[in-house]
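Here's a friendly walk through a protein model. Have a look at the picture, then read on.

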Amino acid sequence: MSTVYEMDFRVDSRDVDLFGHCRPSAVLGVLQEAATQAALALGVSGPEIKEKYNCLWMVTRNWVELDAPLRWNDLIHVKTWHRGASGASSYRDFDLFQEDRPIGQGTSVWVMVDAQARTLFRMRDLTEFRGTDGGTLSKSIKLRRPAMPETFDGRARRELGYSDTDINGHVNNAHYADFACDSLHLERLGRGKFVRSFQIDYLSECRAGEALWVDTAVRGDALFAQGRGEDGEERFDFTLKLEDLP
C-alpha cells in the first residue's frame, strides 16, 4: 500500500484575498482535503472510523510555511503522509510543489475522540496505520503551543454560524484562520508582504450559535490572535509571520 497520497489543486478566485494571494484558510482547506482523501485511501475516513471505532477525527494543531505566496491560477501539487501512531496523537506531514519545485510545507497533529464521551482513543490501537507511515519522508518538526504575548492590543467579537461548521458539527479548523486574520486586519498589514508561516492551536471546540472574543497583538512582522468564548475559556491560539514579497 502506498504511504504517500498525492493530489493537485489550482488556486481559484474563491481562494485569494485582495492582494491576489491564497488566504491562510484556503491553504488549510487544501491540506484538509488532502488529509481527507489520504484517510479514505487508507480506510480511516471519518465515516469509517465512526462505524468501526465510534470515534471522530479532530485536528489539534496546524502549521504551514511558504517560500512565496500562492497566487490565483497557480497549479499546486501536494504530497502527504502520516508519521505513524503512538500515544494519543498522530502527525500528518505535507509538501507543496509548483512545477516540481518545492514551495512550502506543513504538518498537523490529529487525535481520535470518542463520539459520545469525547475521550481520547489510543492511537496505537489504530491497526490501519501500521506499516503505512511516510518512513524516511517523515519530518522531524514537533509542534508545541506557541508563546503568546503577555498583553494584547486589540479585541474583536465574532459570531459563529451555520457556514462555519463542518460534518462533525463544530467549527471547521480552517475557519479559525479567517477569524484571526479578520481580527488582525490583515487587509491593512499585508500590503507588500506575504504570509510566510502560521500556526493554529485548537484548544476547545466551537459551535454555531456561540460567539468568540478574539484578542490580537502585532509585534513587527509577528502577529498573534487568541480566541476565547464568552465564558472566558480559551478556544484557539494563532501565530503568523509576514515577510516582504520576493
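## Two helices meeting

Two residues are in contact when they have heavy atoms within 4.5 Å of each other. Helices (H or I, at least four residues) and strands (E, at least two) are DSSP runs, numbered from the N terminus. With that in hand, look at Pro24, Ser25 and Leu28 in H1, which meet Ala177, Asp178 and Cys181 in H3. The residues of this contact split into 4 nonpolar, 1 polar and 1 charged. Here Ala, Val, Leu, Ile, Met, Phe, Trp, Tyr, Cys and Pro count as nonpolar, Asp, Glu, Lys and Arg as charged, and the others, Gly among them, as polar.

## About the model

This is a predicted model, where local features need pLDDT of at least 70, side-chain atom pairs count only at pLDDT 80 or more, and totals for chains, interfaces and linings use all residues. Residues are numbered from 1 along each chain as its sequence is written, and side-chain values use heavy atoms, leaving out hydrogens and water.

## Helix H3 and what follows

H3 covers residues 175–183, and its buried residues include Tyr176, Phe179 and Cys181. Buried means under 20% relative accessible area, with a 1.4 Å probe and protein chains only. Just after H3, His185 takes a positive phi of about 55°.

## Phe129 in its loop

Where does Phe129 sit? You'll find Phe129 in the loop between strand E5 (101–114) and strand E6 (154–159). Phe129 counts as buried because its relative accessibility is 7%.

Leaving aside neighbours within four places in sequence, Phe129 is in contact with residues including Leu42, Trp57, Ala85 and Met123. Phe129 and Ala85 are 44 residues apart in sequence, yet 6.8 Å apart in space, C-alpha to C-alpha.

Terms used: Buried means under 20% relative accessible area, exposed over 50%, partly exposed in between (1.4 Å probe, protein chains only).
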